Amino acid sequence: MKQGDKKEQLLQELRMREQELEFTLTKQRELESRINALSNDQADARGENRRLQNVNQQLQDQLEQSREELQHASSQLQQLQNNIKQQQKGKEREVLKVSRNMQKERESLMRQLDLLRDMNKRLRDDKDAHQTQKMVSQKYPFMSSSPYPPCRQLMENPNEDPEDSDSSLTDSSPKRLSIAEVTEDETTYQSDKTMGISCDPQRVFKVVFLGNSAVGKSSFIHHYCSGHFPNALASTVGMDFQVRSVTVDSTPVALQLWDTAGQERFHSVTQQYFRRADGIIAMYDVTHEASFTAVRHWLDQVQEKMAEGACLMLLGNKTDLATADRREVTRAQGRRLAEQYQAEFYECSAKSGQQVEEAMIHLTRMADAEDKTNTCGTVCLKYLLFIFNLLFWLAGGIVMAVGIWTLVDKSDYISLLSSSTYSAAAYILIGAGAIVVLTGILGCCATIREQRSLLMVFFVLLLLIFLLEITAGILAYVYYQELNAELRADLKERMVQNYQQPGQEHITRAIDKLQQDLKCCGSNSSADWKEGAWIHTNARRRLVPDSCCKTPTVGCGARDHPSNIYKVEGKPIDFAGVDDSTSRWVQEFSVKPYANPAKLESIDGARYQALLIPDCPGALNDLAHSGSLARILSHFISQQKPVCAVGQGVAALCCATEEQKWIFSGYSMTGPSVFELVRSAEFANLPLIVEDFIKDSGGSYTASIEDAVHIVLDRHLVTGQNVQSTTAAVNNLILLCNSS
């Protein structure tokens with residue numbers, strides 16, 4: 001039985017082993033199948049990888065090919081752009097060339113048209129001259145055999161500049177011009193011009209003669225150029241000119257003398273010539289009043305159209321014929337007309353040569369002086385002088401405005417002064433400002449019009465103003481101390497004697513306004529009101545006027561505590577032992593800004609680099625509770641600026657609190673020790689003990705023996721124990737300032 005059970009057990013174990021073996025074989029087959037699958041996947045992955053590598057290589061090849069094609073396309077595009085630019089430049093050159101050719105053809109056609117027009121006019125003028133000569137020959141047969149040839153004549157294009165004209169006729173014999181003869185005439189003109197100006201002049205002035213026919217313009221020019229009077233000259237047709245070289249003040253000058261026709265039909269032509277003339281001579285006949293009347297018309301046209309800086313002269317001719325019965329225009333009439341048009345005036349005789357040279361030399365000198373004044377430096381100086389006068393005028397206006405503002409807006413303040421000196425100063429400012437304004441206007445007018453007389457008056461006034469300013473400055477420096485002392489005493493007397501007195505209501509209003517505007521009380525301090533007549537008689541027993549209060553209310557002047565009224569800090573410092581050697585220094589010191597300390601509430605801590613609080617008993621009473629000082633200390637601590645406090649001045653640091661916390665908490669410092677304070681008779685009434693406050697507020701306090709030099713330096717705070725420590729504390733403050 002036991003063997004059968006064992007056999008059965010072994011069979012069961014064998015079957016179990018067979019099952020496990022089959023399971024293992026199954027697992028093996030599954031693993032083999034997975035391995036085969038993985039091998040296949042791996043082979044596929046390798047194939048896919050090789051395929052992707054091939055694709056990548058193909059893409060890189062395509063990218064490289066595309067890049068090369070793009071570069072090639074870019075180079076072709078650049079080449080095309082360059083070709084287009086070259087083609088555009090070529091077209092522009094062709095268009096410009098065609099335009100120039102068309103312009104040249106147009107100018108050539110215009111010149112030919114002008115020449116034809118001039119030929120037509122010249123033919124008409126020759127016809128008129130021939131008819132006139134024929135009539136004269138018929139009337140006066142003996143003149144037909146005159147040995148003198150007629151003067152050369154020229155009719156120019158009115159649209160061209162006379163200086164640039166190439167068609168000037170230089171032949172002395174009359175002849176008709178044709179287009180074919182233009183070249184010959186130009187050659188003749190150039191040769192004559194070269195012969196006329198052989199001395200190489202430094203300046204060339206163009207002088208135009210105006211006036212009616214038969215006043216002697218051509219005779220005057222001929223006599224001036226040749227030195228003798230022509231007995232027979234035909235009327236000028238159109239324009240003619242001659243050149244003469246002269247020497248003025250060692251300077252060779254060439255004068256182009258342009259002779260104009262006086263006939264009515266040539267007036268429009270004549271106007272084209274005096275627009276760019278350096279000198280213009282308007283001529284009339286002293287024996288013919290109609291020519292003098294007509295010269296006004298010429299002068300009106302000249303003033304409208306002549307160039308800036310051109311010189312103008314009125315010339316009366318034919319004085320050789322001006323006998324008592326034949327003169328129709330007096331010298332006084334001519335001079336008045338010249339003054340009316342601001343022209344120079346001469347009377348001459350073209351036949352005898354009287355005043356011919358003098359008039360032309362005077363005109364040449366004027367043109368030469370005008371040419372020199374138009375240089376770059378002179379023009380710049382003129383504009384600078386004009387700008388200076390404009391600023392001078394503005395300064396005078398400001399001074400006058402200050403004087404008017406003083407009289408209008410500050411008239412109440414002037415009423416506080418018993419002396420009329422100060423009110424007169426405002427009127428002096430107004431008068432001085434008005435004089436300066438008038439001087440500036442005069443200077444501007446003199447500069448613009450360039451009149452020597454006005455400039456002389458301007459410079460004389462300028463010199464007087466300068467001397468008056470120097471005198472006023474010296475007097476102010478010498479008498480400043482006396483005026484300052486007088487002003488202080490006078491202001492104090494008016495305040496204390498006239499405030500709230502019957503009949504002095506305007507002074508009362510002025511004092512109240514002054515104290516409220518300037519936020520002050522009294523002339524020197526609020527103690528001035530103790531001497532006031534009103535203080536001793538007022539029923540409410542005020543100590544100061546209500547206008548001294550920071551917040552004015554009825555009866556607020558009964559309290560003169562600094563928290564209630566404005567205090568004029570900085571009572572003038574009293575000096576002991578002043579003698580003659582030091583009195584001048586004391587007087588100069590008293591006018592310095594720091595001689596009268598400023599109000600603490602007006603101090604801006606950002607304007608200062610260091611803060612020093614010396615040993616002062618008032619620090620315990622005032623500064624230890626000052627909100628203004630707390631504001632300044634907060635700024636200094638936040639900006640890490642040096643702060644120094646010595647002795648009882650350390651108590652001033654107690655006011656600096658922010659959000660109920662002392663800003664110096666955690667600082668090491670010193671101050672008056674209890675052993676030093678107990679020696680004072682006011683020890684029992686002291687509002688605080690510095691040592692106790694520092695310890696109670698989170699600071700660290702140290703002290704040395706009484707009256708010993710002891711300072712503590714912690715960051716940017718320097719404190720000294722007593723007045724004996726002042727020098728050492730200040731030296732450390734200076735070192736901190738230098739290091740920062």
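**Notebook: strands, a helix and cysteines**

I began with strand 4 (residues 279-285), which pairs with strand 5 in the parallel sense over seven bridges. Strands (E, at least two residues) and helices (H or I, at least four) are DSSP runs, numbered from the N terminus, and two strands pair if DSSP finds at least two bridges between them. The model is predicted, so I noted that local features need pLDDT of at least 70 and side-chain atom pairs count only at pLDDT 80 or more, while totals for chains, interfaces and linings use all residues. Residues are numbered from 1 along each chain as its sequence is written, and side-chain values use heavy atoms, with hydrogens and water left out.

**Strand 5**

On to strand 6 (residues 344-347): four bridges join strand 5 to strand 6, and the two run parallel. There, G316 has E347 as its bridge partner.

I then checked burial, where buried means under 20% relative accessible area, exposed over 50%, and partly exposed in between (1.4 Å probe, protein chains only). In strand 5 (residues 311-317), seven of seven residues are buried. C311, M313, L315 and N317 point one way, and L312, L314 and G316 point the other way. I recalled that side chains in a regular strand alternate between the two faces of the sheet.

**Helix 16**

Among the buried residues of helix 16 are L629, I632 and F636. The buried residues pack against strand 7 (611-613), strand 8 (643-646) and strand 9 (657-658).

Past the helix, I found Q640 with a positive phi of about 55°. K641 lies in the loop between helix 16 and strand 8. I read K641 as buried because its relative accessible area is 10%. Leaving out residues up to four places away in sequence, K641 touches (heavy atoms within 4.5 Å) several residues, including Y608, H635 and H716.

**Cysteines**

How many disulfides are there? I counted one, taking a disulfide as a pair of cysteine sulfur atoms within 2.5 Å. The disulfide joins C549 to C556, with S to S 2.2 Å. Both C549 and C556 are buried.
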